[in-house]
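Hello,

Here is the structure we talked about handing over. My notes follow below it.

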Amino acid sequence: MTEAPHPQQNLPALLTENSLIFQQTSGFMSNDFQLLSANDQVLGEFKTQGDSVSRMVMGSRYFDLLGPDGLVYLKVNDEVTLGRDRFEIYKGNGEHLASVVQNFTLFKTKVTVEMAQNLTLTLEGNPLSFDFAVMVNNHRAAQVSRAWAGLGKGLLGRSKYQLELDPQAPADVRLAIFGTVLALDLIRAKAKK
């Protein structure tokens with residue numbers, strides 16, 4: 001796979017579209033998602049990586065976000081930890097972008113997203129129910145909500161989320177949000193088991 005273009009070059013629709021659908025496309029041994037535009041154009045796909053034996057034992061732990069051009073824009077790793085979930089998010093070129101850490105509080109689960117540039121994304125609302133805002137320095141960068149996947153997909157346990165992004169959100173923040181939504185879906189799926 002080749003590296004995604006530098007953020008200052010012409011950005012693909014994946015990084016400029018402000019209204020996206022985050023839709024699960026597979027189940028049992030993978031947790032693939034498509035990122036769709038409002039008119040159902042595929043802008044990117046999270047693909048489960050790793051061999052099937054390790055996925056059977058440990059579950060889906062490595063994901064690549066591929067653009068329609070075949071380039072890798074993001075890598076999400078579900079790190080093996082004791083007690084709380086931790087995800088590391090990397091740009092397609094391997095540069096560390098963010099860490100997503102599940103913190104336990106007395107009555108609910110809280111998630112912290114620390115970006116590499118000493119920037120913290122704060123999730124306000126109910127992240128594990130997928131009704132929350134992503135805040136950056138008291139500014140709303142995105143709103144995420146659960147969407148109806150349809151009866152058949154719902155019965156199969158497939159997920160679908162609506163993302164509304166601030167038009168001014170930079171590419172790195174958008175990528176971190178995409179990785180965070182995937183991480184939250186994985187945390188929610190583990191909590192169900």
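Val101 in strand β7 is the bridge partner of Arg86. This is a predicted model, in which local features need pLDDT of at least 70, side-chain atom pairs count only at pLDDT 80 or more, and totals for chains, interfaces and linings use all residues. Residues are numbered from 1 along each chain as its sequence is written, and side-chain values use heavy atoms, with hydrogens and water left out.

Strands β6 (residues 86–91) and β7 are antiparallel and share 5 bridges; strands count as paired if DSSP finds at least two bridges between them. The hairpin they form has 4 residues between the strands, and Gly94 there has a positive phi near 95 degrees. Of the 9 residues of β7 (residues 96–104), 7 are buried, meaning under 20% relative accessible area, against over 50% for exposed and in between for partly exposed (1.4 Å probe, protein chains only).

Next, strand β12 (residues 160–165). In a regular strand the side chains alternate between the two faces of the sheet. Strand β1 (residues 19–24) runs antiparallel to β12, with 5 bridges, and Leu20 has Leu163 as its bridge partner.

The chain has 3 helices and 12 strands. These are DSSP runs numbered from the N terminus (helices H or I, at least four residues; strands E, at least two). Of its 193 residues, 49% are buried.

Regards
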